[in-house]
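Student: I am new to this structure. Please show it to me, and then I will ask how we know things about it.

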Amino acid sequence: MKRLLLATGSVGMLLLTACGGAAAPDSSQTSASGIELVSAMPAGVGPVENVNWNLADGEPLSLDPNLSWSGSQNFVSNLMCESLLFTNPTGGLEPGLATDVSYTDPKTLIVKLREGVTFSDGSAVTTEDVAYSIEKARTNELSQFAGDLASVASVKATDASTVTIKLSEPNSLVRSALSTGAAAVVSKASAEGNADFGLPGNTSMVCSGPYILKEWIAGTKIVVEANPKWWNKGEGKQLTKQITFSFITDPAAAVAGYESGELDGGFLIAPSSIKALQASTVGTVGFGQGSSFGAWVPVMNTERSMSNPKLREALALSLDYANLVKTDTAGSGIPAKALAVPGSWGYEVGTYQEAWDALPDPVTDLEAAKKLVAESGVSNPELVIQAWSELPDSVNQALVLQQAANSVGFNATILKVGFERAADIYSGAKKTDIDIFGTNYLSVVGDPLSIYSQIGLKNGAANWGGYSNAKVSKLIKDALAATSDEERAKITVEIQSLLTADYAWLPTTTTPSPFFISNKLSGVVPGPPAHIWSAWAINLGTAK
Amino acid sequence: MKRYLWRRLGLGGLTIVATTLLVHLALYLAPGDPIGYLLNGQPATPERVAALRAQYHLDDPFFTRYVSWVTGVLNGDFGFSASFNADVSALIASRLPTTIYLVVISFLFISLFGLTMGILAGLKKGGIDSFSMATATVLSSIPAFVGSFILINVFALNLGWFPAIGAGDGSLSSAISHMTLPAIALAFSAGAFVARTTRASIRVESSSEHVTTATVRGIPRRKVVSRHIVRNALLPIISLGGLLFVGLIVSTAFVEQAFAINGIGGLLVVAARQQDFALVQAITLIMVISFVIVNLAVDVLYWILDPRIRSEVA
């Protein structure tokens, strides 16, 4: 799921990626500045006729879950289309449309389909539909999941309740990919040969989830309503009969909508709006725990400054982490010691917690940084920081880095480029005019191996800086072959310590997901990976 | 009259062709590559980039693109919007009513306040004049987006008289309640402009010879004002109104953003920024056509109001 959201103004560049493990419930955490982080709000208690929810990323370009375009798209399509595995609020994997998904050997995955499930049109969900959906995600040229399913050799409905997935090489991340849009099951009958499937204005999409697409007026709104035929319905679920999505990308207009009560809530609140909304009397700003983080990505495959590990370390030492937590996360985050932040530990939490505790705290040490620059042998090393001209937040962050870098002896400049270069920057292509660029990224499944394999492998989906380390590659291959959670976690923490020591990326802070919700409502799951892949509004209802 | 109208229509047609050609050329020559937006920023294989380029005809030469667009439009097909992944006709159809409501209501406000204030200030010197013109000065200096924030905070968030955002559910009553504040915000500076121009025009006519003659001949003041001053003074205002009306369609963008209204103005901004040829062209076409129609209406009004034009053409 190497893919990226061009979030308008709010979170900047957001890249999503995939993978997973077993359920690992954990209660909420608290940020350094005392803000309580939420994995899941208390479930709603009473019914609601309609909830108006804003999609701050704008209108989805498609709702086809197997192609997966943007944050907006996920928030709508995960209400309608369910994946084989369900991502719980803390990133763990639970049975979804499949009652069981397991490796019989490192190259074979057996999916057991839940019996008696029907699509919203009343037809049965069959293993043919499952195989069709995964094949679509794997082979469609517009699919964002092709990379995650690259090691899949074949997907076959072997009988009425079994789908067999054969891999060309061991890949322990394919199982967790089945919790994402890569295995969101759509009705083959509604999708096959339907060129308008999931496109704006079209409502022909048929899935099996808790909500049905009722209306989509392109450019104006999307309305979904509760699916009376949902297999998993029950008390306390589907309390909200209808959800109307709007696409307000302008932060000020969205604030006016929240404050006037015309919008009941929304994810991806722009950092600049948080203060204004915290003063609101009609609703609350919350922070979803989530697996997102901010980082600087050094370009290492050139002869320029960032190919020198000493200079990367010097830059890391020049950052003022406490201040970054304030400016980039409204005080809700903590300095990130590594890229797999606590919200991404979907299994073996104990192992990951222990490894996290053992990592050194990010510190600011200007003297040590200056010394490293001096030792590098390059006087006044050049540092070109890329920023997006369309995103003021990105320019501001570049300015902060520029100042920090210059204070320890770099000759830092900012290069503003437009989104048309995104395809080049977020790829492994050599970038000869850029030394470092910022990103807000996240683990899209609750498995730290996902993010580390994307960065640590030579052709990794997020290895945009050209990192390479033979030892890391070897360990990742081992971890990909490790279908036992315990073994995989053990290898992954080793990979983590190597990548961290190499400054493959320079993590800055965890970035909890700010959301707004009316005081009358409760019950949303506000953070990734859960709210990206699994119905975040199943328990949405009145607060009292 | 017929020949006059035909000539006007012919000129209008030429305007449409020239404008669309020009806009097409401008987009064609603009720097940047729409492919970045088509990819939505995601990493892509060269094959995928090539597939997208072919799908959206990004590598076709200029005239091929223009001709295929014209052929499409003549067949009622406005093309496919790359930035919205939707049919241009559907996108515009869902947004046009909103923009029409907004522009018409705003135009009513502009006419009502602009003309009333202008005529009063023009006819009555002293307190009313100074007050009207001071008000006009203040209003004209409020940009639409600043006006929007003030109106939202006072009338929507504090007093709760109007909705703060959105375009309503499509019914007339909800459209009126949703569009009132945006229409006022849009009307601020244009209304002030109309007031000033009307005042000046009234002053010119009031001091003209035919008005003095009419007054000396003992024609009642009311009749002098209505037949000799206001009627003549309105001629330039009608032209101005026509231009303002068309300008309003474009300037809705700021107000649409502030009130989160999905209209044509905002659509044009997004489309132009993302080099969405099909969408920009379709919106341009709508604007040019409305420009031609409004100008035609202005010419007809002139014909009716001004005997000199009738004699000129005859």
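Student: What is the bridge partner of A:V297 in β19(A)?

Tutor: The partner is A:F437. This is a predicted model, where local features need pLDDT of at least 70, side-chain atom pairs count only at pLDDT 80 or more, and totals for chains, interfaces and linings use all residues. Residues are numbered from 1 along each chain as its sequence is written, while chains are lettered from A and ligands numbered from 1 in the order in which they are written.

Student: How do you know that β16 and β19 of chain A pair?

Tutor: Pairing needs at least two DSSP bridges between two strands. β16(A), residues 292-298, and β19(A) have seven bridges, in the antiparallel sense. So they pair.

Student: What joins β17(A) to β19(A)?

Tutor: Two bridges join them, and the strands run parallel. A:I385 stands opposite A:I436 there.

Student: Why is β19(A) called mostly covered?

Tutor: A buried residue has 20 or more other C-beta atoms within 10 Å of its own, with C-beta atoms placed from the backbone. In β19(A), residues 436-442, seven of seven residues are buried. A:I436, A:G438, A:N440 and A:L442 point one way, and A:F437, A:T439 and A:Y441 the other way.

Student: What makes chain A agree with a compact globule?

Tutor: The rule is 2.2 Å times the number of residues to the power 0.38, and the radius of gyration is taken over C-alpha atoms. For 544 residues a compact globule would be near 24 Å; chain A has 22 Å, which agrees. Of those 544 residues, 62% count as buried.

Note on methods. Buried ≥ 20, exposed ≤ 12 C-beta atoms within 10 Å, placed from the backbone. Helix = DSSP H or I, 4+ residues; strand = E, 2+ residues; numbered from the N terminus.
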